[in-house]
2 protein chains.
Amino acid sequence: MKIVIDCFGGDKSPSANVQGAIKALKKYDDLTLILTGDEGQIKKELDRCGYTGDMIEIVHAPEIITGDDKPVDAIRLKKESSMVKAIKMLREDGEIKAVVSTGATGALIGIATVRIGRVRGVRRPAFCPLLPTMTGGIVGICDSGANIDAVTAETLVHNAILGSNYLKAAYGIENPRVALLNVGTEAHKGDEMRRKAYEYLKNLDNLNFVGNMESRDLLSGKYDLVVCDAFSGNVLVKSTEGTALFLLKKLKTDIYSKTVYKLGALLMKKMFAQEKDFFNYQNYGGSVLLGCEKVIVKGHGSSDAKAISVCIDQAYRMSNGGMNELAERQIAAFYDKIENK
Amino acid sequence: MKIVIDCFGGDKSPSANVQGAIKALKKYDDLTLILTGDEGQIKKELDRCGYTGDMIEIVHAPEIITGDDKPVDAIRLKKESSMVKAIKMLREDGEIKAVVSTGATGALIGIATVRIGRVRGVRRPAFCPLLPTMTGGIVGICDSGANIDAVTAETLVHNAILGSNYLKAAYGIENPRVALLNVGTEAHKGDEMRRKAYEYLKNLDNLNFVGNMESRDLLSGKYDLVVCDAFSGNVLVKSTEGTALFLLKKLKTDIYSKTVYKLGALLMKKMFAQEKDFFNYQNYGGSVLLGCEKVIVKGHGSSDAKAISVCIDQAYRMSNGGMNELAERQIAAFYDKIENK
């Protein structure tokens, strides 16, 4: 198994990316990692870590794509960047199964959409991050921001199929409980697109559709996958993350307002650290771009070595699961069914 | 000033509604309240509270609309309900300025949309709840669930104008900072509708448009009003509320897991009560239905007497501000501008 690690573009690049690669290699015997980026800097980091193995290759790529680069320009003007080269190799080399990147999200989606083929039946890829739930599990949100402009009831079905197979392949969730994000739980709720999607999902074979979900229940642990359009999915993920961080920050400010609170908090120091860790999204892996022929994992920009090794783990499991072939068959079956109706 | 209080349909009805009415009357000399609902039960509650004034009238309405009633059926089949009668009086009696209800949201929106005229230029009303911000203020979210099916860039402009005038009239915010909910802050972000709305809002007179907002910044205190379509607004409000409640619940569970945490929490008891109070939406008033010719305030189903008196406060201030006349002129000016362009 060969996976490419884009070693630049993250806040802690390239050191976190290189260290994360070394960390991941300890877990798998059959894994080769190809690191793209400035060769000198990557070599220096490998030396600093004392890596002497032969499971890492370096492909020199001196340019870096940043958040300021427009996605459309990035692919055209920065051909020598670590991200463009990583995706190019993924496209051209049959042995390479996945790319892990901590670079700019917009550019990565753009380059992948243009350069990597789609699972048959899927017109645009979808983004699927994970959040922790109250019952100690995870919940995937698909789409959370890739396909902003061309959402239909059919693309919501694609998101459900792609996300469900992803959770099976990467997390061993046998029969993921899939919900449709809506403004209420009753079947007739939402706009026309949502009502149509509800009917499609309810009648889909091989999908464990459990009905509509209100956004307040995202972290309840009752759902493994929430299906949504990219816009409201983006709102959902960011408001959940934002509110949790806001509340933790508020607690901290309030604790510092009185000595007796500071004393109380001292006794609860370990607990507060755990709460913070619980809401550290890096622990739950990267967002994956679903619907592409090959696997693309987007780690958070601020990923450290541990977070990046988790992303490589994800990419490894996704590449092994045959999830795209399964999705292709299920999407074809869905269209057969609605056309013959 | 005459305001109608729908005294049934809430979790604590009618006692909380009646007590809330009495509480509100202590504040205003020129306020008369008309209570709709079962006359016997309302009278009993007034007696129990020892109310002897003459600023309360009762209009007997024996039926109750519940969450199980379909909005379309409610208006037709429950003509003798406290909600339908309240809206009927609002429609027919020129002296009555507002209705406050804690009944079923869908039914209230439905009945108001059918029975109460719209501000000229507005086709459908919008819902605008309030949330507390990190800097001690409030933020309005408009629309959060009323106009699910007919959203355009123009209706987003209506939401901005209606919401902005509401915050001025009811909360004295002189020049509300208005943001557009989007997937990123840059001007080109979002779908076509959002990009068009951005251009409209940027060029609108008498509106303090400050640009796009990501959902994670809702509680930051940087914005007074967030403009959004009903679907994503609903997702935004419920995920913010849901995450806060979830985290507070998680803290409680974790505190009970160890004696030393329980001890620490004991010292912080007052602080935790304050956090809970901070996220008690009832303290910030009801959701208002904007764009109707007359004022409609929807209190939370679980509203207590205090929460209902806050809703009556809101209704009073909104009825006095001339906000609808202002919105009408601004919406007309917007259409003049885009038509003459």
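The largest nonpolar core holds 208 residues, and A:Val226, A:Val227, B:Val226 and B:Val227 touch the most other members. Such a core is a set of buried Ala, Val, Leu, Ile, Met, Phe, Trp, Tyr and Cys residues joined through C-beta atoms within 7 Å. A residue is buried if 20 or more other C-beta atoms, placed from the backbone, lie within 10 Å of its own. B:Val226 touches B:Val139, B:Ile141, B:Ala179, B:Leu181, B:Met213 and B:Leu218, with residues up to four places away in sequence left out. Another core, of six residues, lies apart; among them are A:Tyr261, A:Ala265, A:Met268 and B:Tyr261.

The model is predicted: local features need pLDDT of at least 70, side-chain atom pairs count only at pLDDT 80 or more, and totals for chains, interfaces and linings use all residues. Residues are numbered from 1 along each chain as its sequence is written, and chains are lettered from A in the order in which they are written.

Chain A contains twelve helices and twelve strands, taken as DSSP runs (H or I, at least four residues; E, at least two). Its C-alpha trace spans about 60 × 60 × 40 Å along the principal axes. Of its 341 residues, 51% are buried.

Chain A and chain B each give 41 residues to their contact, counted where C-beta atoms, placed from the backbone, lie within 7 Å. On the side of chain B, α8 (230–255), α9 (259–267) and α10 (269–278) give two or more residues. The largest share, 17 residues, comes from α8(B).

Note on methods: Buried ≥ 20, exposed ≤ 12 C-beta atoms within 10 Å, placed from the backbone. Contact = placed C-beta atoms within 7 Å.
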